[in-house]
Amino acid sequence: MSRVLLVSANTMTGPYPVYPLGMATVAAALVRQGHEVRQFDVLTEACSVPQLRQAVREHAPDVIGVSLRNLDSADSLSAEATWSMDSARAFVTALRDASSAPVVLGGPAFSLMPEAILDYLQADFGVVGEGERGVCELVEGLSRGRQPLPRIIDGRATPLAGSDIEAPLLDSALVRFYLDQSGMLNLQTKRGCPWDCTYCSYPGLEGRGYRVRDPAGVVDDLRRMQRDHAAESVFFTDSVFNDRNGHHLELAEAMLHAGIGIRWSAFFRPQGISRQDLALLKRSGLYAMEVGTDGATDATLATAHKGFSFADVLEFDRACAAEQVACAHFVIFGWPGETEASLRQGLVNLAQLKHGIVFAFSGIRVLPGTGIHAQAIHEGVVAAADSLLRPVYYSSPALDPELMNATIVKAFGDRRDRFFPPSRANERLAVLHRFGYRGLLWDRLIPAPHPGRPSRGRHDT
Ligand code: B12
């Protein structure tokens, strides 16, 4: 048995503070193997280095694991200000000062550029991709003095079956903090993403094949969240919730059958979802959808390899309006080949969305191994050897970024349901938060229906 201190180093609070689910999942795997685990979240401790040192003194760990969730905001207009690797380095330095235990890194940010982050943070080991097996292997190897241990273990090499995905080990003190801050917990119902969107890191992080959890297991976790923590709302963190095989519908049926009654939200793909599907999902507790629309014209959707057209997006919008489910479209401008004409067409297209909020991004965060990365190297935007640790953005050379940004600002005007840059929404959400509202909050910004249209009903969060 080893003593393991896990540290979530995430300091970001926008759009709301997110429960450190990765750390909780790794904690569950370690506890199952008989290790003694303490979970420390820098955010709940006001990012205080002295508190971190005290946790090290109290727990006297044999191994320290640090979970790295975000590199930066992935929004070109706020990325530098939100770059998280310096604060993560300060936490690792503090851990090293306070303890001689080896430091193991993991988490989605780490997995995107492991070598560069391991070097920058001066840590000892890292696990890329899913962490359950890798972290247990390392902790056991270290306790047995096994030599040499690999500096980086690739957790994706031997992926867990869906049925073996751990239920997270939630920490009551952390749960209280996050329920107070955001009113919501989170849970993963499957891993993997089969889509091929050119900018996206998700298939690289979780693999391309779906690995689905048994709906009964998910229902058990939800029940535990209700029973032990009085949770009323949850975000399913799957890369894309509506999968082609209908697992999401089976899960909705299971939640309904079990009478769970928890309110939930997730990421959706705006395609292949009928009104009946939406009605079922809504009956099971769905109240709002975050939609990976990404492109605003057929041309940019094709460049992004989204596999759907803007007509699909409009059909999805109509279904959401008819079923009264709030949705937020995340849209990027600046795709390869984007011109002033395609930008203007995209803005006209977005104006046709009657029911949803739009968050628009300017340029695309270049992440290793993505199609946009190859394009950026090809166009000389980045050197092939660039680690991409510091935020780098791709934006079409055929469109001046300042003109693009000014055109988006003008098109959105003072609409309450259009946000550019996306960080503008955080200010609005913070106001709602101060008034005591909890939840996603953007769903409260959808304008009331016009007279003569059917009423939407309230989306209580
Ligand atoms: C769901 C999600 C969201 C939801 C979260 C909702 C919620 N209530 O939880 C929302 C929409 C709010 C969101 C927001 C943001 N997100 Co997000 N999100 C995700 C997503 C899809 C899943 C994250 C998740 O929970 N996975 C499930 C858990 C169980 O997995 P995990 O954390 O990866 O943990 C596993 C491993 O990483 C590893 N591990 C984790 N910790 C540790 C520790 C150790 C020691 C070890 C060994 C292993 C290990 O083991 C775990 C179990 O296998 C990922 C992409 C992806 N597919 O991973 C992006 C992702 C994490 N998000 C990202 C970003 C950028 C953001 C935002 C900054 C965007 C923005 N501008 O608002 C914000 C930040 C929010 C915040 N306050 O921190 C980036 C982060 C990397 C980067 N580019 O910087 C990702 C990777 C997507 C991307 N663009 O590449 N996000």
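Two strands count as paired if DSSP finds at least two bridges between them. Strands here are DSSP runs of E with at least two residues, helices are runs of H or I with at least four, and both are numbered from the N terminus. By that rule strand E14, residues 357-362, pairs with E17 in the parallel sense over 2 bridges. Phe359 has Phe419 in E17 as its bridge partner.

Before going on, a word on the model. It is predicted: local features need pLDDT of at least 70, side-chain atom pairs count only at pLDDT 80 or more, and totals for chains, interfaces and linings use all residues. Residues are numbered from 1 along each chain as its sequence is written.

Back to the sheet. It is open, with 7 strands in the order E7-E10-E11-E12-E13-E14-E17 and parallel pairing. At the edges are E7 (185-187) and E17 (418-419), each pairing on one side only.

Next, the domains. The protein chain splits into domain 1 (3-154) and domain 2 (184-445), with bounds from an automatic or database domain assignment. Their C-alpha centres are 27 Å apart. Taking contact as C-beta atoms, placed from the backbone, within 7 Å, 24 residues of domain 1 touch 23 residues of domain 2. On the domain 1 side, H3 (79-82), H5 (108-112) and H6 (114-121) each supply at least two residues. That side has 15 nonpolar, 6 polar and 3 charged residues. Nonpolar means Ala, Val, Leu, Ile, Met, Phe, Trp, Tyr, Cys and Pro; charged means Asp, Glu, Lys and Arg; the others, Gly among them, are polar.

H6 also packs on H4 (residues 85-98), at an angle of about 55° and with the axes 9 Å apart. The axes are lines fitted to C-alpha atoms over the stretch in contact, and angles run from 0 to 180 degrees between N-to-C directions. H4 is therefore oblique to H6, since under 35 degrees is roughly parallel, over 145 roughly antiparallel, 65 to 115 roughly perpendicular and the rest oblique. H4 contributes Met85, Ala88, Arg89 and Val92, and H6 contributes Ile117, Tyr120 and Leu121.

Last, the ligand. Which residues of the shell are closest? Of the 48 residues that surround the ligand, the closest are Gly22, Gly65, Ser67, Gly106 and Gly131. The cut-off is a C-beta atom, placed from the backbone, within 6 Å. H1 gives the largest share, 5 residues. By class the shell has 21 nonpolar, 19 polar and 8 charged residues. Why does the ligand lie between the domains? Because domain 1 and domain 2 both give residues to the shell around the ligand.

Terms used
Two residues are in contact if their C-beta atoms, placed from the backbone, lie within 7 Å.
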